[in-house]
Amino acid sequence: MKAVVVTTRDGPFTQENREIPTPKKGQVLLKVQACGICQGDLHAKAGHHPRASFPRVVGHEVAGVIEKVGEDVASWKPGQKVGVGWHGGHCFNCDKCRRGGYIFCDKGGITGMTHDGGYAQYMIAPAETLIAIPEGLTPEQAAPLMCAGVTMFNSLRNSGARPGDLVAIQGIGGLGHLGIQYANKFGYVTVAISSGESKRELSLKLGAHYYLDASKQNVAQELKKLGGAKIILTTAPNSDAVSALIDGLGLDGKLLITGVDHKPLHVTPLQLLSNRASMQAWPSGGPTDVEDTLKFSALFKVYPMIEVFPIEEVQKAYDKMLDNSVRFRSVLKF
């Protein structure tokens with residue numbers, strides 16, 4: 001089989017021919033049809049995990065078909081359309097697992113980081129990580145929803161916002177273009193926030209009711225004029241830009257963080273106290289969360305905007321993700 005391999009920490013992609021692996025107890029073999037390229041792959045490539053090891057096949061937005069099942073796999077059968085996301089398995093026994101927080105498992109794996117992922121024609125996945133793909137989505141459409149989609153869908157549906165509430169989506173990129181669509185379908189008054197005019201028309205087409213240009217407007221003040229945001233969902237990894245939005249929250253408003261930046265946020269207690277506001281971070285979700293995302297997306301026609309590449313052009317696809325020139329998700333097709 002063809003596979004794209006990172007042989008050393010932060011090393012280049014290498015094309016290899018490998019033997020098709022055999023699933024062990026509790027595992028399945030997937031024939032990969034599509035794999036999205038995500039910002040998280042940068043962290044996988046760099047080995048940002050205590051149990052990361054190399055060589056490694058990265059990729060955690062996987063859509064495909066079950067080829068074989070290993071021993072003790074009773075719920076899945078060859079031929080089923082399935083996907084795999086960021087969540088790469090859990091122990092079932094730690095306190096977090098016992099409380100249902102499988103994606104926070106102390107011993108949990110990460111697809112494409114602690115074991116090989118989807119930049120290959122075949123991959124092995126723990127059975128508990130599988131996600132059923134419904135009718136109505138192509139593999140190329142389904143793949144980015146395994147991470148980017150569920151991150152937006154799951155954070156918004158758990159945010160506490162109700163239909164009619166003002167919800168702002170900061171950053172109109174790989175995450176934000178999906179966030180706008182979900183926010184609109186959930187019945188929120190949807191505000192798109194980006195820098196410059198280039199994404200205004202697209203944001204409104206995707207379902208935003210308002211567009212705020214952070215390069216020309218004081219976004220916090222504009223949100224206040226609209227009544228204050230119940231939720232500001234941040235997707236762009238820029239702590240300074242995120243910090244500038246906090247004063248745009250309304251009563252009991254919440255800053256909901258999904259974009260990863262290693263720089264600190266700047267917020268004073270008074271900014272939160274004055275509106276009984278709060279801040280919360282939200283990671284992606286587990287397999288059932290992704291299944292909910294896929295079903296909703298197929299039913300309400302929420303689709304990622306993608307550019308499709310053959311495996312031979314993986315470097316081009318990855319580079320377009322890194323420099324933010326892809327509109328809006330790079331997807332490898334097998």
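Student: Is Asp 72 buried or exposed?
Tutor: Asp 72 is exposed, because its relative accessible area is 57%. Exposed means over 50%, buried means under 20%, and partly exposed is in between, with a 1.4 Å probe and protein chains only.

Student: Where is Asp 72 found?
Tutor: In the loop between β4 and β5. Helices and strands are DSSP runs numbered from the N terminus, where a helix (H or I) needs at least four residues and a strand (E) at least two. Phi of Asp 72 is near 70°, which is positive although the residue is not glycine.

Student: What sort of model is this?
Tutor: It is a predicted model, where local features need pLDDT of at least 70, side-chain atom pairs count only at pLDDT 80 or more, and totals for chains, interfaces and linings use all residues. Residues are numbered from 1 along each chain as its sequence is written, and side-chain values use heavy atoms, with hydrogens and water left out.

Student: What is phi of Asp 252?
Tutor: Near 60°, again a positive value in a residue other than glycine. Asp 252 lies in strand β12, residues 249–257. With a relative accessible area of 30%, Asp 252 is partly exposed.

Student: Which residues does a cis peptide bond join?
Tutor: Phe 54 and Pro 55 are joined by one, with omega about 5°. Pro 55 lies in the loop between α1 (40–46) and β4. The peptide bond from Arg 327 to Phe 328 is also cis, with omega near -5°. Phe 328 is in the loop between α10 and β15 (329–333).

Student: New topic. How many aromatic pairs are there?
Tutor: The structure holds eleven. Rings of Phe, Tyr and Trp (its six-membered ring) pair if their centres lie within 6.5 Å; planes under 30 degrees apart count as stacked, over 60 as edge-to-face, and the rest as tilted. Tyr 182 and Phe 296 make a tilted pair, because their ring centres are 6.1 Å apart and their planes are at 50°.

Student: Which helices hold those two?
Tutor: Tyr 182 lies in helix α4 (residues 176–185) and Phe 296 in helix α9, so the pair ties together parts that are 114 residues apart in sequence. Tyr 182 and Phe 296 are both buried.

Student: What about Phe 186 and Tyr 188?
Tutor: They form an edge-to-face pair, 5.7 Å centre to centre and with 85° between the planes. Phe 186 counts as buried because its relative accessibility is 16%. Tyr 188 is buried too, with a relative accessible area of 5%.

Student: Which residues do ring pairs link into a cluster?
Tutor: Phe 153, Tyr 182, Phe 186, Tyr 188, Phe 296 and Phe 300.

Student: Where does helix α3 bend?
Tutor: At Met 146, by about 60°; helix α3 covers residues 139–157. The bend is the angle between axes fitted to the seven residues ending at a residue and the seven starting there. Helix α3 is mostly covered, with 17 of its 19 residues buried.

Student: What lines the largest cavity?
Tutor: Its lining residues include Trp 86, His 87, Met 146 and Pro 287. Helices α3 and α9 each supply at least two residues of that lining.

Student: What is the volume of the second largest pocket?
Tutor: About 280 Å³. Of its 21 lining residues, the closest to the centre are Tyr 102, Gly 286, Pro 287, Thr 288 and Asp 289. Helix α9 (residues 287–300) gives the most to the lining, with four residues.

Technical notes:
1 Å grid on protein atoms, 1.4 Å probe; cavity = no way out; pocket = protein on both sides within 12 Å on 5 of 7 lines; lining within 4 Å. Points joined across faces, edges and corners; volume = space filled by probe spheres on them.
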